[in-house]
Amino acid sequence: MNGKIITVGSTKGGVGKTTLALNIAIARALAGRDVWLIDADRQGTASTALAIRGEAGKLPAIATAHYADGGQLRTQLLHQRGKFQDIVIDAGGRDSTALRAALVLSDLVLVPFQPRSIDVWAVADIAALIEEARAMRDGLQALAVLNMADTAGTDNEDAAAALADYPAISYLATPIRRRKSIANAAGNGMSVLEQTPRDDKAIAELNALLQAIY
Amino acid sequence: MAITKKPGGKPPAATLAQFIEAAPDGAKPAKAPDDGSVQITLRLSREQLERISHVAKRQGIPRASYIKRSVFIQLEADEQGK
């Protein structure tokens, strides 16, 4: 493979990991890349979304697999990573074997968080895990991105500033704001890039994030 | 430059597996025996241990299980011989 293995992960649920992972994977596929989206969450939401996409005949098709067990995820990833150009792993919602396996095999872990105090506090857990994983995975890059960020007010800036408490993770200043278009697209197994009517603001935010991570 | 960094190298697979399985949903170590049980110590010569290990391996069972089973078989035989 010539691309990256990116884990969209957090030990906290409800931060929009699956939606973000779907958007990244589909965006890369739309750019002509051969993408594998690994669903490492027991809930299997990413797999369900891609099944809906497949049933609707939406192209490009995205290869997917569901490995909620860390050992299985590690084995399969080591065996099959050469077949794809980009791999995106949707992992977490809690500390799990799958999240840990994803961390030690990834080039980059993208940590979505909302501009809320409890979300910022939860970053401490994933930061500790990332530090542990780095003992085994030299060069594991970790970036936190505001997801479902506010469209107004100062909470985004405050949350970003609070992240300075966790030096294991760098803040990526390409927030994805809370928009219905993103949620609606994901529910149909689509990226906001494919959604009609077009949401130019959401598309611009996603493209800025993609440019920063690839 | 006179000082070079110590080469890191890849961590052993066992270390990775240990990190992964340390998650709350990871494989847990075998349960400790019930409180009502007792532990016994068996003193064997090196040769006897080797013989037992050899037989257990041939039968494809863990050595401790083989020893435990042997004790019960012997006990049963002793009770029947009374």
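This is a predicted model: local features need pLDDT of at least 70, side-chain atom pairs count only at pLDDT 80 or more; totals for chains, interfaces and linings use all residues.
Where in chain A does P197(A) lie? P197(A) sits in the loop between α7 (180-187) and α8 (200-213) of chain A.

The peptide bond between T196(A) and P197(A) is cis, with omega about -5°. Chain A has another case to look at: the bond from L59(A) to P60(A) is also cis, and its omega is near 0°. P60(A) belongs to the loop between α2 (45-55) and β3 (63-66) of chain A.

M148(A) has a relative accessibility of 22%, so it counts as partly exposed, the cut-off for buried being under 20%.

Next, helix α1 of chain A. α1(A) has 14 residues and spans 20 Å from its first C-alpha to its last, close to the 20 Å expected at 1.5 Å a residue. How many of the residues of α1(A) are buried? The count is 12 of 14, so the helix is mostly covered. Among the buried ones are K17(A), L20(A), N23(A), I26(A) and R28(A). Just after α1(A) comes G32(A), with a positive phi of about 90°.

R28(A) is worth a stop. This arginine lies in α1, residues 17-30, of chain A. Is R28(A) buried or exposed? Its relative accessible area is 17%, and because that falls under 20%, R28(A) is buried. As for partners, the side chains of R28(A) and D86(A) are joined by a polar contact of 3.0 Å. If we set aside neighbours within four places in sequence, R28(A) is in contact with R33(A), V35(A), D86(A) and Y214(A).

Last, the open space in the model. The largest pocket has a volume of about 510 Å³. It is lined by 15 residues, and those closest to its centre are Q39(B), I40(B), A64(B), I67(B) and K68(B). Which helix gives the largest share of the lining of this pocket? That is helix α3, residues 63-80, of chain B, with six residues. Sorted by class, the lining of the largest pocket holds 10 nonpolar, three polar and two charged residues.

That covers the loops, the strand, the helix and the pocket.

How values were computed: Residues are numbered from 1 along each chain as its sequence is written. Chains are lettered from A and ligands numbered from 1 in the order in which they are written. Side-chain values use heavy atoms; hydrogens and water are left out. On a 1 Å grid over the protein atoms alone, a cavity is a set of points where a 1.4 Å probe fits but cannot get out, and a pocket is an open set with protein on both sides within 12 Å along at least five of seven lines; lining residues have an atom within 4 Å of a point. Grid points are joined across faces, edges and corners, and a volume is the space filled by probe spheres set on the points. Helices (H or I, at least four residues) and strands (E, at least two) are DSSP runs, numbered from the N terminus. Ala, Val, Leu, Ile, Met, Phe, Trp, Tyr, Cys and Pro count as nonpolar, Asp, Glu, Lys and Arg as charged, and the others, Gly among them, as polar. Buried means under 20% relative accessible area, exposed over 50%, partly exposed in between (1.4 Å probe, protein chains only). A polar contact is a pair of N or O atoms within 3.5 Å; within protein, one must be able to donate a hydrogen and the other to accept it, and residues adjacent in sequence count only if both atoms are side-chain atoms. Contact means heavy atoms within 4.5 Å. The expected span of a helix is 1.5 Å times one less than its number of residues.
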